[in-house]
Amino acid sequence: MRVVLDTNIFISALLIQTSQPAKLIALWRDGKFVLLTAAEQLDELSRVTRYPKIRERLKPALAGRLVNEIRDLSVMVGKLPPVDASPDPYDNYLLSIACGGSADYLVTGDKDGLLALKKYNRTGIIGVSDFIALTAGR
């Protein structure tokens, strides 16, 4: 199963290690799904973890390790197709990763944006709890 995780999932997992997003990261580390990403997402993750609000609660080394782990253990999608389908234009790159990487799912906590789409091309768009339940059934 090929999956794109919204950047907010990674941030939540880093901030609260007992959260549902942290459980999702553990499932990935256990090989329950293949993570798809792209340079654009790694750049965003690096940028967001430097925000003062986030830095107060998060050790930079922890964020850096996660970025390196994602880079090393994920399938990097190189050429991203243009996409203009998200209610939030800043999230179009996630749909682009999903499309370019033939993702089965895009997992997000973005209730008003990506989740409202429910599906993009062949990629299902679901929340963290729903994806954990789906993965547990495998």
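**Exercise 1. Find the largest pocket, give its volume and describe its lining.**

Step 1. The volume of the largest pocket is about 260 Å³. A pocket here is an open set of points on a 1 Å grid over the protein atoms alone, where a 1.4 Å probe fits and protein lies on both sides within 12 Å along at least five of seven lines; lining residues have an atom within 4 Å of a point. The volume is the space filled by probe spheres set on the points, which are joined across faces, edges and corners.

A word on the model before we go on: it is predicted, so local features need pLDDT of at least 70 and side-chain atom pairs count only at pLDDT 80 or more, while totals for chains, interfaces and linings use all residues. Residues are numbered from 1 along each chain as its sequence is written, and side-chain values use heavy atoms, with hydrogens and water left out.

Step 2. Among the lining residues are Asp-6, Asn-8, Glu-44, Arg-47, Tyr-90 and Asp-110. Helix 1 and helix 3 each bring at least two residues to this lining. Helices are DSSP runs of H or I with at least four residues, strands are E runs of at least two, and both are numbered from the N terminus.

Step 3. Sort the lining by type: five residues are nonpolar, two polar and five charged. In this scheme Ala, Val, Leu, Ile, Met, Phe, Trp, Tyr, Cys and Pro are nonpolar, Asp, Glu, Lys and Arg charged, and the others, Gly among them, polar.

**Exercise 2. Which element gives the most to the lining of the second largest pocket?**

Step 1. This pocket holds about 170 Å³ of space. Its lining includes Ala-13, Gln-17, Ile-25, Arg-29, Leu-62 and Glu-69.

Step 2. Helix 1, helix 2 and helix 5 are the elements that give two or more residues. Helix 5 gives the most, with four.

Step 3. By type, the lining has six nonpolar residues, one polar and three charged.

**Exercise 3. Work out the strand order of the open sheet and identify its edges.**

Step 1. The six strands follow the order 3-2-1-4-6-5, with mixed pairing. Two strands pair if DSSP finds at least two bridges between them.

Step 2. Strand 3 and strand 5 (119-120) are the edges: each has a single partner strand, so one side of each lacks a neighbour in the sheet.

Step 3. Now follow the bridges. Strand 2 (residues 34-37) and strand 3 (residues 75-76) run parallel over two bridges, with Leu-36 partnered by Val-75. Strand 1 is joined to strand 2 by three bridges, also in parallel, and Arg-2 has Val-34 as its partner. Three bridges link strand 1 to strand 4 in the parallel sense, where Leu-5 partners Val-107.

**Exercise 4. Which residues touch the most other members of the largest nonpolar core?**

Step 1. A nonpolar core is a set of buried Ala, Val, Leu, Ile, Met, Phe, Trp, Tyr and Cys residues joined through side-chain atoms within 4.5 Å. Buried means under 20% relative accessible area, exposed over 50%, and partly exposed in between, using a 1.4 Å probe and protein chains only.

Step 2. Of its 29 residues, Leu-5, Phe-10, Leu-24, Phe-33, Ile-70, Val-107 and Phe-131 touch the most other members.

Step 3. Look around Ile-70: beyond four places in sequence, its contacts (heavy atoms within 4.5 Å) are Phe-10, Trp-28, Leu-35, Thr-37, Leu-42 and Leu-45.
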